[in-house]
Amino acid sequence: MADKGKKPAPPPKNPTETLIGIFVMLFCVVVAINILQSKFADGGKFKPEVVVRNALFSFSSKVTQYTPLNTSVITSERTDVWGSSLRDRILGVHEKGAMGTIVSEPVLYGSDALFNVDFESSPDGWVYSTSIEKQLSGWVGQVRSVFLWVSAIVTLCGAFLAVYSWRQWRQIMKKHKDDMRALEKKLGGEDVSSHNERWERLEKLEASENPADWRVAIIEADILLDELITSMGYHGETLGEKLKAIEKSDFVTLDDAWEAHKIRNRIAHQGSDFVLTHREVKRVMSLFRNVFKEFDYI
């Protein structure tokens with residue numbers, strides 16, 4: 001009675017949803033800032049496509065044809081400085097790390113662009129966009145740094161989950177194989193007086209309407225096949241190795257034996273993921289029957 005008026009505790013928040021919410025909020029802030037910049041710095045003109053484009057590129061250091069004027073840049077390599085956009089003469093060279101400001105709209109040359117940059121030290125002039133990058137300072141640089149750390153952490157978490165999932169899958173498959181071996185051992189050790197009696201039992205399982213009985217029928221028929229091949233003097237750790245040692249001229253139904261054995265392997269390895277129809281069961285059992293009839297085993 002004392003807990004009747006107590007409010008239930010709110011459900012825990014999903015970390016993924018929280019992270020997505022933070023990203024969306026930061027993007028909205030960037031869009032709002034770009035709207036203000038375009039509103040007051042461009043004569044009151046408002047271009048939605050420019051605002052969205054600038055927001056998308058705000059956290060990238062790459063200089064493109066959409067990079068706005070007055071953007072602070074820094075040379076990313078040893079850079080030639082041209083006297084004009086016509087690239088008629090080189091005024092000089094800036095080493096990597098030279099800082100400056102973009103003071104003109106770009107001139108496009110194919111997939112590249114030339115920008116007129118006012119460097120802190122001479123010479124000033126035109127440089128290729130591939131030779132410079134934006135200086136992400138202030139809050140933009142801090143947010144970009146946070147994004148880089150977050151992406152690194154997410155990548156590490158993803159790698160950890162991938163390895164963990166792979167290990168879990170290996171354990172599940174190992175357990176499944178162990179269960180199948182135990183089933184085969186149980187089926188092989190059953191006390192059946194003769195091959196005919198065992199085969200009659202398999203035919204009953206084949207005629208059953210229960211898919212689980214169909215799988216048992218094929219697995220036990222494969223055990224009968226293994227016993228037959230072993231009694232013929234062929235040896236190996238697996239039935240597949242014994243079948244490989246048989247000459248086709250000595251074994252007319254060798255192809256039938258191989259096909260039936262491969263279906264058994266798919267059942268054993270794929271488990272319930274392997275779809276087995278009643279029609280397919282009858283076909284596979286007829287393959288086993290052909291082999292046993294050839295050698296009067298049943």
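The legends below describe close-up views of one predicted model.

Local features are described where pLDDT is at least 70 and side-chain atom pairs where pLDDT is 80 or more, while totals for chains, interfaces and linings use all residues. Residues are numbered from 1 along each chain as its sequence is written, and side-chain values use heavy atoms, with hydrogens and water left out.

**View 1. A salt bridge between Arg78 and Glu95.** Side chains of opposite charge can pair when their charged atoms come close. A salt bridge is defined as a side-chain nitrogen of Lys or Arg within 4 Å of a carboxyl oxygen of Asp or Glu. In this pair the N to O distance is 2.2 Å. Arg78 belongs to the loop between strand S1 (72-75) and strand S2 (79-82), and Glu95 to the loop between strand S3 (90-94) and strand S4 (99-102), so the bridge ties together parts that are 17 residues apart in sequence. Helices (H or I, at least four residues) and strands (E, at least two) are DSSP runs, numbered from the N terminus. Arg78 is exposed at 55% relative accessibility, whereas Glu95 is partly exposed at 48%. Here buried means under 20% relative accessible area, exposed means over 50%, and partly exposed lies in between (1.4 Å probe, protein chains only).

**View 2. A salt bridge between Arg198 and Glu227.** The closest N and O atoms of this pair are 2.9 Å apart. Arg198 lies in helix H4 (residues 195-207) and Glu227 in helix H5 (residues 211-231); the bridge links distant parts of the chain, 29 residues apart. Arg198 is buried, with a relative accessible area of 9%, and Glu227 is partly exposed at 28%.

View 3. Asp255 and Lys248 form a salt bridge in which the closest N and O atoms are 3.1 Å apart. Both partners are partly exposed: Asp255 has a relative accessible area of 47%, and Lys248 one of 43%. The whole structure contains ten salt bridges.

**View 4. The largest nonpolar core, with 34 residues.** A nonpolar core is a set of buried Ala, Val, Leu, Ile, Met, Phe, Trp, Tyr and Cys residues joined through side-chain atoms within 4.5 Å. The residues with the most contacts inside this core are Trp199, Ile218, Leu225, Ile229, Met285, Phe288 and Phe292. Two or more residues come from each of H4, H5, helix H6 (239-244), helix H7 (254-270) and helix H8 (278-294). H5 gives the most, with ten residues. Beyond its neighbours within four places in sequence, Phe288 is in contact (heavy atoms within 4.5 Å) with Trp199, Ile218, Ala221, Asp222, Leu225 and Ala260. A second, separate core of eleven residues includes Val81, Val117, Phe119 and Ile132.

View 5. An α-helix has 3.6 residues a turn, so residues three or four places apart point the same way. The expected span of a helix is 1.5 Å times one less than its number of residues. H8 has 17 residues and reaches 25 Å between its first and last C-alpha atoms, close to the expected 24 Å. Its buried residues are His278, Val281, Val284, Met285, Leu287, Phe288, Val291 and Phe292, and they pack against H4, H5 and H7. Among the buried residues of H7 are Leu254, Ala257, Ala260 and His261. Gly271, with a positive phi near 60°, follows H7.

View 6. Most residues other than glycine have a negative phi, and most peptide bonds are trans. Asn70 is not a glycine, yet its phi is positive, about 65°. Asn70 is placed in the loop between helix H2 (48-57) and S1 and is exposed, at 61% relative accessible area. Asp296, in the segment after H8, likewise has a positive phi, of about 50°, although it is not a glycine. Asp296 is exposed, with a relative accessible area of 68%. The peptide bond from Ser122 to Pro123 is cis, with omega near 5°. Pro123 is found in the loop between strand S6 (112-119) and strand S7 (125-128).
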